[in-house]
Amino acid sequence: MTMEFNSSQQIVFVLHGLNVTQINKHIYFSLTLILYILTIFVNLILIVTICLEKMLHEPMYLFLCNLCINGIYGASAFYPKILYDLLFDSHVITYIGCMTQILVIYSFAFCEFTSLTVMAYDRYVAICKPLQYHSIMTTRKVWTLLLLTWLFSWLESSIGMGLTARLPLCGVDIDKLYCSNWAVVKLSCVDTTLNNLYGFILTFSHVSQTILILISYMNIIKASLRSRVQRKKFMQTCLPHLITLTNFTISLTFDVMFARYGSNTSLLALRNIMAVEFLVVPPLVNPIIYGMKLTQIRNRVAQMFNRRVAALI
């Protein structure tokens, strides 16, 4: 017999993703805390470097700074809750807490994808139209693109959360480490066609972004083949972007496909890995990839550390 909850205030969701012994719990807590601190650290290094160095106040680096800010934003939607659950053996979350986590995680994912699309456009203009680059990518246009990236991401997430919040629920068990929109929608007592339709609209929107990115890179590769200078610029600035894009797209696709079509009887460890990959890997790996590949970033970070070491000595 299913019970319909009359008020969202009486709903407390139970998260069933964790299944660790007391000994393993402390090991997982320590590893998770290290990952969270490391993610914050590597992203902050790039953010501070770009903010402090005037030579890095170029569109490409500002977009990269935004990507790092979004990485911290997304990681902070996941890590604090999972750390609390591991430390205090708590596996519950309030309705409001769940909706907030959904809003932040999904806005992070949408912002990440849109940011990567904007960065692809920036690289297209830089390599295919180098003489017009500064007239096209003006400071005003850069800040407008950044603002629209966040506004559209929050709008997409807010609409999805609003459609989910209207649903009466007949269950509280979520088979994940964190709250996800589809996991809550599956608990609904009523028809969810509207939610499915909005999901397909979002899918179409972001697949269209992927197509735009692919078209941009086809033109970039054509332009890069014309000269050695353009090939060098492609390897230094576009290759990190391609690696980041591929990493995030694969991670997010795995999570979406597994959430909708995966079996609940699958191995718990496999389900957890596929569910958190897009929240753990891209925020940690992106700044490392860009820090290693972009010469100016690498040099500036090295100079900053050398100055700090010299000051201590």
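## Basis

The model is predicted: local features need pLDDT of at least 70, side-chain atom pairs count only at pLDDT 80 or more, and totals for chains, interfaces and linings use all residues. Residues are numbered from 1 along each chain as its sequence is written, and side-chain values use heavy atoms, with hydrogens and water left out.

## Cavity

The whole structure holds 1 cavity of 30 Å³ or more (a set of points on a 1 Å grid over the protein atoms alone where a 1.4 Å probe fits but cannot get out).

Helices H2 (59-88), H3 (95-128) and H9 (268-293) each supply at least two lining residues, and H9 has the largest share, 4 residues. Helices here are DSSP runs (H or I, at least four residues), numbered from the N terminus.

## Largest pocket

The largest pocket (an open set with protein on both sides within 12 Å along at least five of seven lines) has a volume of about 930 Å³. Of its 37 lining residues, Phe 110, Gly 199, Leu 202, Thr 203 and Val 256 are the closest to the centre. Two or more lining residues come from each of H3, H5 (139-165), H6 (181-185), H7 (193-224) and H8 (228-261). H7 gives the most, 10 residues.

Note on methods:
1 Å grid on protein atoms, 1.4 Å probe; cavity = no way out; pocket = protein on both sides within 12 Å on 5 of 7 lines; lining within 4 Å. Points joined across faces, edges and corners; volume = space filled by probe spheres on them.
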